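Hi everyone, thanks for coming. Please have a look at the sequence and the structure on the screen, and I'll walk you through a few parts of it.

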Amino acid sequence: MNTQSILRELVSKEIISERQASMISEYETAKPLSVHWELRFMLYVGILLFNSGLGIIIYDNIDSIGHQAIIAGIALLTAACFYYAYRKSHPYSPDEVLNSSKLQEYVLLLGCVSFLALEGYLQFQYKLFGSRYGLAVLIPTVLFFACAYRFDHRGVLSMAVTGLASWLGLTIAPLSVVSGNNLTDLKILNSAIVLGTLLSVTGWLSEKLRIKKHFSYTYIFLGGNLAALAALSGLINQPYKVVYAILSFAFCLFFVLNARRMQSHLFLLLGVIYAYITVTYLIFFRISEDVYFSLMTVYLTVSSIGVIYFLLNFKKILGTAR
Amino acid sequence: MKKPYNLNWIRNIEIQRRATDWASKKLLEEPQLKTIKAEFQAHFYRPNFFVKIGLFLFALIGSAFFMGFVFLFLTDSNITDRGFAMISLLFAGFFIFFLERQIKLSKLFHSGVDNALLYVSITLIFVPVFLLFNNLKIWQYALFLFIPLSIATIRYADILTAASSFLALFVTLGNFLMNFSGGTLILPFAVMLMAACIYFAVRNNTSIYYANCRKIIEILSLAVFYLGGNYLIVREGNALLTHQASSVSRQIPFAPVFYLFTIVIPFSYILMGVRKKDRILLNTGLLATAFSVVTFGHYFSPFTAAQNIFISGLALILFSAALIRYLHKPKHGISDEPEKRNVPDELKSILIAQTLGQDPETKGINFGGGNFGGGGAGEVY
């Protein structure tokens, strides 16, 4: 099956005319190969490599190369990036701003990354902030939040959110929530729940108040994921299981409701998986070992079929359009 | 042989996809697109990617514990290997039957559930091979794996079974050649030859049923062809296979030939990719180029690893930025027009949080080094 055979079939069914068919086949042979995503990907990997390489170089040569030159170099780069991003930007608007410049988005990202390198260098070499580490994290966080809203950049927004979390001593990057945080520590666990809830509420509010509505996804995903995992960990490791169970269910419900509202299947998946773990844990944590295995096999078989049935029919159950 | 999935629907999906593209380029009128969609219908249950993951996971859990449950009744503590193998095959038969039925009933088409059932059945078919034959050579096991995997690929057109049967075949070849004294010497050439043969063989298959399998095999055979001739792989692989004691691997015979392969293959992939407008060739070529840079950097670079990373990052940024500016109008048959959003903006921001975000370990001294290495590369690709 190829373009020609499809066109022939469409012509013979009299859906399109001969003239249209020849126009389409002309378009198919002439159409250029788009390397849009390849180029964006290379640019992003370039920024990633640049950032890690720069970090290690500074660290390795901290005593041997001219400090002034390095600081000047990075500062110049940062300033140039922010200037470029500013020059090419449209004025602030609470709606989504589609940028006409092709590179601005990435230049801004590079600027933010090199700002972090610059700040880190100043702190390491000159103890700019002394032992007030909090301040050192807070400054880029505030700057990134400002940039994210001013230049409408979701990537910088998520960098700001990670900064905010790290100011509170938390790791919020989705794949590192469990490995990066010591969730057995009650203080860390509870601050994770609080931060996650606050971020989720912010996401909900940005949609409600129509201030950068499209940021809501980032807030809810990062915040909700952190809070839900922390609540689950609290349920498993802490006393007061009732409290954490309720919290966990609340976050799952929040995810599923948002899945319905924002048509996000990722939220649906997260809500279902976290709810499933919570329910399974609640059923099994008190059961004695002799009936454990047989009950477990029956339960997991039946419940999986139940979840599959839900996922196959969730459109009807949740009333989503798509 | 009649396929389990409705071939007409698969064709119709492809026709709809192309028609939608033509309509978006104003080559079709809106009513025409509607007529096409009504005329060429497909009734598969095709969920969103994330729903598919959920279905896959829960189908795996469900079938695993279903087996555990039934197993409790079928066996006692003194079951023999032979009995175990029998039960395993019985389960495999049951799951295949269930899979075929479910495909018909729920109109599945690579929807997560059918993938999971297929993988479970194939694993169950493997169990007796490992239980009953204890002393086979690796290539014999690999050949055993290849047979059910390739049959499953032909019937269900699943990309994972396609990829695994491809790999099983290369394990067979590699391990088989190890039995001969000159085996390590001709291994790279044999691997490259077989990869090339497979590449051209699958390219001749034009069936729409296997479109995705064809893509994955094309990618793998291009990659294996390149890696088979890559200097770093051959040199370090050779050191590994001949159990060299020294920490630095020895120079290999025919080294200049492999230098040449390492340089020429990526460029010819890219050139052919651009000329034939073949995205697979182009992307494999780009990745191969990156790996060639790593290869030569590894042996010949005067810089430290960090400097290499920094310089390649800088080069990538400058190169792609320059190309984006250059291509603001399509040139030489390539363009910078966004075709469709295959990476949604939402996920892009999550990726940035994972790869460029700050974490409390660094306490504000962000030297970046700690964040990298999570394999940010694989995730968008």
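Let me start with a term: a salt bridge here is a side-chain nitrogen of Lys or Arg within 4 Å of a carboxyl oxygen of Asp or Glu. Side chains of opposite charge can pair when their charged atoms come close. Over all chains, this structure holds 11 salt bridges.

A word on the ground rules. This is a predicted model, with local features needing pLDDT of at least 70 and side-chain atom pairs counting only at pLDDT 80 or more, while totals for chains, interfaces and linings use all residues. Residues are numbered from 1 along each chain as its sequence is written, chains are lettered from A and ligands numbered from 1 in the order in which they are written, and side-chain values use heavy atoms, leaving out hydrogens and water.

Now, how do chain B and chain A meet? Contact, meaning heavy atoms within 4.5 Å, involves 98 residues of chain B and 102 residues of chain A. The buried area is the accessible area (1.4 Å probe) that two parts lose on being put together, summed over both. Between these chains that area is about 9300 Å², with carbon and sulfur atoms giving 73%.

How many salt bridges are there between chain B and chain A? The count is two. In one, Arg279(B) pairs with Glu38(A), at 2.9 Å from N to O. Arg279(B) lies in helix α12 (residues 279–300) of chain B and Glu38(A) in helix α3 (residues 36–60) of chain A, so this pair joins two chains. Helices, by the way, are DSSP runs (H or I, at least four residues), numbered from the N terminus. Asp336(B) and Arg40(A) also form a salt bridge, at 3.2 Å from N to O.

An automatic or database domain assignment divides chain A into domain 1 (42–167) and domain 2 (171–322). Their contact takes 18 residues from domain 1 and 12 residues from domain 2. About 1300 Å² is buried between these two domains, 70% of it from carbon and sulfur atoms. On the domain 1 side, Tyr149(A), Arg154(A) and Val161(A) lose the most area to domain 2, together 37% of what that side buries. The rule finds one salt bridge across this interface.

Finally, the spaces. On a 1 Å grid over the protein atoms alone, a cavity is a set of points where a 1.4 Å probe fits but cannot get out, and a pocket is an open set with protein on both sides within 12 Å along at least five of seven lines; lining residues have an atom within 4 Å of a point. The search finds three cavities of 30 Å³ or more. The second largest cavity holds about 40 Å³, and its lining includes Asp152(A) and Lys212(A). Those two residues also form a salt bridge, with their closest N and O atoms 2.8 Å apart.

Note on methods. Points joined across faces, edges and corners; volume = space filled by probe spheres on them.
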